[in-house]
Amino acid sequence: MAYQNIQVSREGQIVTITVNRPKALNALNSATLRELLQAVREAAESSRALILTGAGDKAFVAGADISEMAPMTPWTAREFSELGHVLTAMLEDIPCATIAAVNGYALGGGLELAVACDMIYASDNAKVGFPEVTLGITPGFGGTQRLVRLVGKLRAKEIIFTGDMVDAKQALEIGLVNAVLPRGELMAHCRKVAEKIATRGPLAVARAKRLVERGYDIPLRAANRQEAETFALLFDTQDRAEGMRAFLEKRPAKFRGK
Ligand code: CAA
């Protein structure tokens, strides 16, 4: 499919999706959200890891598109919010690992995309935050719920209520990003992590992702029962046999996702 607002590239098992509206600091309008949905769906079917980033030097994504939101009614705003929710939920639901390469501003909907990813790496010039209250609205793509799960209530409320930006160093300190890299090294680092994940057992990574995501919202005992079931089920796979055989034979495993 030809895209107008994003670029999609593939290197082996790794797909990179770049939001490509640099003149608007990669702001997310509904056309871009729809393209992202399509590209993420396709990547999920054909890759082991997905890297999400923004075009240009300044921004990952500077939020939902304010010029598109300005004339919205409550009804169209709700539809817009739900579209963002479908995309962020899809990032959590797909079996491949998702990595946000935050190369500048990740604000509002941009930070919401990042916190829906499995890992977040930021460049040293990155600035993240939820400026929605400065516009008289709340975050609308799951930010209030995912941020609190990552950094806890006190930090989340401070970020959301003030609308202040947090720089890369502070974001690392509060556990909002996995690591901070010099700008020029960000993409190489993300690719290295993605490549490493792509060598691991595909079913194991996919199931581990599901256990973490689904287990978060249910009681610990129930989540642990799911873990035990998944652990047992994986013993029936060729990948499990290969992984353990390879260890005992002191060679790298060749996983087939079966
Ligand atoms: N929507 C639409 N356009 C945007 C945008 C956005 N979120 N962010 C930046 N732009 C546009 C600007 O309007 C400007 O366009 P023009 O050149 O045509 O005027 C261009 O991108 C460059 O931006 P600036 O000139 O403002 O760049 P700057 O370096 O001075 O400032 C910035 C950068 C601090 C990120 C500033 O652009 C900014 O504050 N942007 C808005 C951030 C924001 O409020 N995001 C949250 C949106 S609400 C949301 O996301 C809701 C939700 O949860 C779903």
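**Note on helix packing, sheets and domains**

1. Start with the α1/α3 pair: S30, L33, R34, L36, L37, V40 and R41 of α1 touch F80, L83, G84, V86, L87, M90 and L91 of α3, where contact means heavy atoms within 4.5 Å. Sorted by class, that contact comes to ten nonpolar, two polar and two charged residues. The classes here: Ala, Val, Leu, Ile, Met, Phe, Trp, Tyr, Cys and Pro are nonpolar, Asp, Glu, Lys and Arg are charged, and the others, Gly among them, are polar.

2. Before going on, the ground rules. This is a predicted model, with local features needing pLDDT of at least 70 and side-chain atom pairs counting only at pLDDT 80 or more, while totals for chains, interfaces and linings use all residues. Numbering runs from 1 along each chain as its sequence is written, and side-chain values use heavy atoms, with hydrogens and water left out. Helices (H or I, at least four residues) and strands (E, at least two) are DSSP runs, numbered from the N terminus.

3. Back to the geometry of that pair. Helix α1 (residues 30-46) packs on helix α3 (residues 74-93) at about 25°, and their axes are 10 Å apart. Axes are lines fitted to C-alpha atoms, for helices over the stretch in contact, and angles run from 0 to 180 degrees between N-to-C directions. That makes α1 and α3 roughly parallel; the cut-offs are under 35 degrees for roughly parallel, over 145 for roughly antiparallel, 65 to 115 for roughly perpendicular, and oblique for the rest. The crossing of α1 and α3 is left-handed, a label used if the near helix is turned anticlockwise from the far one by less than a right angle, with right-handed used if clockwise.

4. What about α5 and α6? Helix α5 (residues 143-151) and helix α6 (residues 153-162) meet at about 135°, axes 7 Å apart, and are therefore oblique to each other. Their crossing is right-handed. On the α5 side the contact uses T144, L147, V148 and V151, and on the α6 side K153, R155, A156, I159 and I160. That splits into six nonpolar, one polar and two charged residues.

5. Further along, helix α9 (residues 202-215) and helix α10 (residues 220-234) pack at about 170° with axes 10 Å apart, so they are roughly antiparallel. From α9, L203, A204, R207, L211, R214 and G215 meet A223, Q226, E227, T230 and L234 of α10. The class count for this contact is five nonpolar, three polar and three charged.

6. Now the sheets, where strands count as paired if DSSP finds at least two bridges between them. Strand β7 (residues 119-123) pairs with β10 in parallel over three bridges, and S123 has L181 in β10 as its bridge partner.

7. The other open sheet has four strands, ordered β4-β6-β8-β9, again with mixed pairing. Its edge strands, β4 (59-61) and β9 (166-167), each pair on one side only. β4 runs parallel to strand β6 (residues 105-107), joined by two bridges, and the partner of A59 in β6 is Y105.

8. Finally, domains. The assignment gives domain 1 (6-198) and domain 2 (202-248), with bounds taken from an automatic or database domain assignment. Their C-alpha centres lie 27 Å apart, and the contact takes ten residues from domain 1 and seven residues from domain 2.
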